[in-house]
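This report goes through a few local features of one structure, taken in turn. The sequence and the structure are shown first.

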Amino acid sequence: MQAYTPDTYVQTEPLAALAGSPVKIAYFIMVHHEAEKFKKLFQKIYTRDQVYLIHIDRKSKDGFTEEIQQFIIQFPNAYILESMNINPGGFSIIQTQINAMEFLLNVSDDWDFFINLSVEDQPLKSQKIIRKFLGQNRNKNYLFYYDQKFYRPDTLQRIQNHFTELAYKISSLIYKREFMKDVVPYIGGKWVIFTRETCRFFSSNDKVMLFEDFYLHTFLPGDSFFQTVLMNTDFREIIVNDDKRAVSGSCRNSGELIQELKNNSQLFIRMLDPATDKDIFTYIEESYDLPLPEIDEVARELKINRHQDN
C-alpha cells in the first residue's frame, strides 16, 4: 500500500514564531454516565481559548443527557457532537472519534492537538504545563502500539474473523477472512494525542477508507485501528509509543505509583478511586503546577523498542 507523507514534515513558519505561539488543544470527551465526574474533569481542563467537544452516548438516560447539555451551554467554545449508539466492541467507537475530528476541524482552525478523554481521566498537570509540553513536541503523535502478530497473537482472532456490529452487541454470525494485503496489524489502546494534520488525514484521506472498510467488521477496533493506520504510513515516523496516561487500579500501591509519576512525563491519569487513592490525589494537588520532569523521549523510545525485541 502506498504510504502517505504527513504535511507535518514541512516547516511552513519560522521556528521562532512557532516557539512563541502557544499550543491549543481540541479536547474530545465521550460520556454516558457520572455527570458530576464529567463536570469536574471539564472544569479542570477548561480555558477560554481552546475547543471542547462532547459526545453523549445515545443509550444515556434522558435526565443525564439534559444535565450535560445544560452544563455545556454555559461555555461558548464547547460543543456537543451528534449522538451515536456506542458499542465498545465495534467500529462505532472509532467512527465517533473520526466524526469528532472532522467536526473540530470545521468548527475551528485555531487548534494544534486533539486529545480524547473519558470521565475516568483527570489531568496530572495544569493546562499551562500540558500546553508547554506539547508546544515542545509539535510534530508528534502519542499512542501505544505493538506489532499484533508478534506481541499479541492471542488477539488475532479479532481481525482474522468477520464481525458485524449490531445496536447493542456484536452478531454471533462470524466467519474467517484474510487480513489486508501488505499491511502489518498493530494493537495498543484507545487513548491518543494527535496533531491537527493527523486528524485531517483521518477525516479526509481516501487511504483511510480502505482501513475503515476492513476494520468496520473487526472486534475491538478501538484498540487497533489508529495504530494500524498510522504505523502503515509515513506517520509512523512521528509516533511516540506512549499515550501520556498513567493508570491507577493495578496491584501497585500508591507509593509506587507516585514514584512512577515523579519519574515520567505523563499528562493524565485514569481510574482513580477517591476512596482508596487519597495519597495520589494529594500528590496531584501538590504537584499540579510543578514542571514535568525532563525526559529524553528518544532514549525512552529506544528502551521500549529494545524491551519489545527481547
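The model is predicted. In it, Pro123 has Phe268 of strand 14 as its bridge partner. Strand 14 covers residues 268-270 and is joined to strand 5 by 3 bridges, the two strands running antiparallel. Strands of a sheet pair through backbone hydrogen bonds, and the pairing is either parallel or antiparallel.

These two strands belong to an open sheet of 3 strands, in the order 5-14-13 and with mixed pairing. Strand 5 (121-123) and strand 13 (245-247) are the edge strands, each pairing on one side only. From one strand to the next, the twist averages 30 degrees.

## Helix 4

Helix 4 spans residues 92-107. Its 16 residues should span 22 Å at 1.5 Å a residue, and this agrees with its end C-alpha atoms, which lie 22 Å apart.

Several residues of helix 4 are buried, including Ser92, Ile93, Ile94, Thr96 and Gln97. Further along the helix, Ile98, Ala100, Met101, Leu104 and Leu105 are buried as well.

## Helix 4 against helix 8

Two packed helices are described by the angle between their axes and by the distance between the axes. For helix 4 and helix 8 (residues 196-204), the axes come within 9 Å and cross at roughly 115 degrees. The crossing of helix 4 past helix 8 is left-handed.

Which residues make the contact? Helix 4 contributes Ile98, Met101, Glu102 and Leu105, while helix 8 contributes Arg196, Cys199, Arg200, Phe202 and Ser203. Sorted by class, the contact holds 5 nonpolar, 1 polar and 3 charged residues. On the helix 4 side, Ile98, Met101 and Leu105 are among the buried residues of that helix.

## Asp223 in a loop

Asp223 sits in the loop between helix 9 (206-215) and helix 10 (225-231). Is Asp223 buried or exposed? Its relative accessibility is 14%, so Asp223 counts as buried, the cut-off being under 20%.

Apart from its neighbours within four places in sequence, Asp223 is in contact with Arg158, Ile187, Gly188, Gly189 and Lys190.

## Glu285 in helix 12

Glu285 is part of helix 12, which covers residues 278-287. With a relative accessible area of 67%, Glu285 is exposed, because exposed means over 50%.

Glu285 and Lys125 are 160 residues apart along the chain, and their C-alpha atoms are separated by 8.9 Å.

Conventions
Residues are numbered from 1 along each chain as its sequence is written. This is a predicted model: local features need pLDDT of at least 70, side-chain atom pairs count only at pLDDT 80 or more; totals for chains, interfaces and linings use all residues. Side-chain values use heavy atoms; hydrogens and water are left out. Axes are lines fitted to C-alpha atoms, for helices over the stretch in contact, and angles run from 0 to 180 degrees between N-to-C directions. Helices (H or I, at least four residues) and strands (E, at least two) are DSSP runs, numbered from the N terminus. A crossing is left-handed if the near helix is turned anticlockwise from the far one by less than a right angle, and right-handed if clockwise. Contact means heavy atoms within 4.5 Å. Ala, Val, Leu, Ile, Met, Phe, Trp, Tyr, Cys and Pro count as nonpolar, Asp, Glu, Lys and Arg as charged, and the others, Gly among them, as polar. Buried means under 20% relative accessible area, exposed over 50%, partly exposed in between (1.4 Å probe, protein chains only). Two strands pair if DSSP finds at least two bridges between them. The expected span of a helix is 1.5 Å times one less than its number of residues.
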